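Reader: I would like to learn how to read strand pairing, and then a few other features, from a model like this one.

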Amino acid sequence: MKTLTLPNSKIHSGNLILVNADHRYQNTDHTDLVKITGPDTDIRLERCAAALLSELMYKIQAENQIVPVSGWRSKKEQQTIWNDSIQESGKAFTQKYVAVPGHSEHQTGLAIDLGLKKEKIDFICPDFPYNGICKMFRRLAAYYGFVERYPKGKETITGIGHEPWHFRYVGIPHALIMTKYHLTLEEYIDFIRFYPYQKSPYIYQEQGSSIAVSYLAASEHTETFVEVDTDKPYMLSGNNIDGFIITEWRRAHGA
Ligand SMILES: [Zn+2]
């Protein structure tokens, strides 16, 4: 076991940060952004999210049918989109579908808007239906760490209208747990609070793998200490509110 020292500023970075109207994106760390694969695209995502999106697209042979519409955005770009949308579509529409600058998931590099390939693609609300190739994408998305972030029926929780086209990378096993229990990220962050670190972690088990997920509140001081078994894979993420989510692979697939 090894004790890691986490500066409390780290609660604002990682795959599981919650960014919404109540929780501004405030990560000051450098995000490792890369261009996603595909012809003539300038769209960028965080490195892991980009790699897994590309693997999923390849798996379902969707490269010529699904197009990435929007990935990482700077705060300035989000402001421009907000202003343009207000002018073109009015305040009510904009508040429903466009996040307030500073509060957009797109600023994290972990969100991607996807559209069905067609001649004219709506930039704000691209068509991404629940059938055909898009259904195949949805069926496998969680296995690659992605979730539909703004589902129908959860508008009061997410604060954003139903967006069938917006996917968020949270990683494995989180996307699978969220999908299993139909949880939005807001709900998942609260769910994990019931599983305190080193006391009673949530155990995700599938096909011989065992992964522990737990919550650790940030200390009242400037640093939080966490003890991890460095012989096994682990992942730490802030929740962008008040603490960390710790993911520990206890038994590898098939081992
Ligand atoms: Zn989006």
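Author: Start with the rule for pairing: two strands pair if DSSP finds at least two bridges between them. The model here is predicted. In it, strand 9 (residues 209–217) and strand 12 (residues 243–251) pair in the antiparallel sense over 8 bridges.

Reader: Which residue of strand 12 stands opposite Ala212?

Author: Glu248 stands opposite Ala212.

Reader: In what order do the strands of the open sheet run?

Author: The order is 8-9-12-11, with 4 strands and antiparallel pairing. Strand 8 (202–206) and strand 11 (234–238) are at the edges; each has a single partner strand, so one side of each is left without a neighbour in the sheet. From one strand to the next, the twist averages 20 degrees.

Reader: What span should helix 1 have, given its 13 residues?

Author: A helix is expected to span 1.5 Å times one less than its number of residues. Helix 1 (residues 47–59) should therefore span 18 Å, and its end C-alpha atoms are 18 Å apart, which agrees. Just after helix 1, Gln61 has a positive phi of about 55 degrees.

Reader: Which residues of helix 1 are buried?

Author: A residue is buried if 20 or more other C-beta atoms lie within 10 Å of its own. In helix 1 these are Ala49, Ala50, Leu52, Leu53, Leu56 and Met57. They pack against several elements, including strand 4 (66–70), strand 5 (111–116) and helix 4 (132–141).

Reader: How is the chain divided into domains?

Author: Domain 1 covers 1–16 + 185–255, and domain 2 covers 25–169. Their contact takes 6 residues from domain 1 and 9 residues from domain 2.

Notes. Residues numbered from 1 in each chain as written. Predicted model: local features only at pLDDT ≥ 70, side-chain atom pairs only at ≥ 80, totals over all residues. Domains from an automatic or database assignment. Contact = placed C-beta atoms within 7 Å. Helix = DSSP H or I, 4+ residues; strand = E, 2+ residues; numbered from the N terminus. Axes fitted to C-alpha atoms, helices over the stretch in contact; angles between N-to-C directions. Buried ≥ 20, exposed ≤ 12 C-beta atoms within 10 Å, placed from the backbone.
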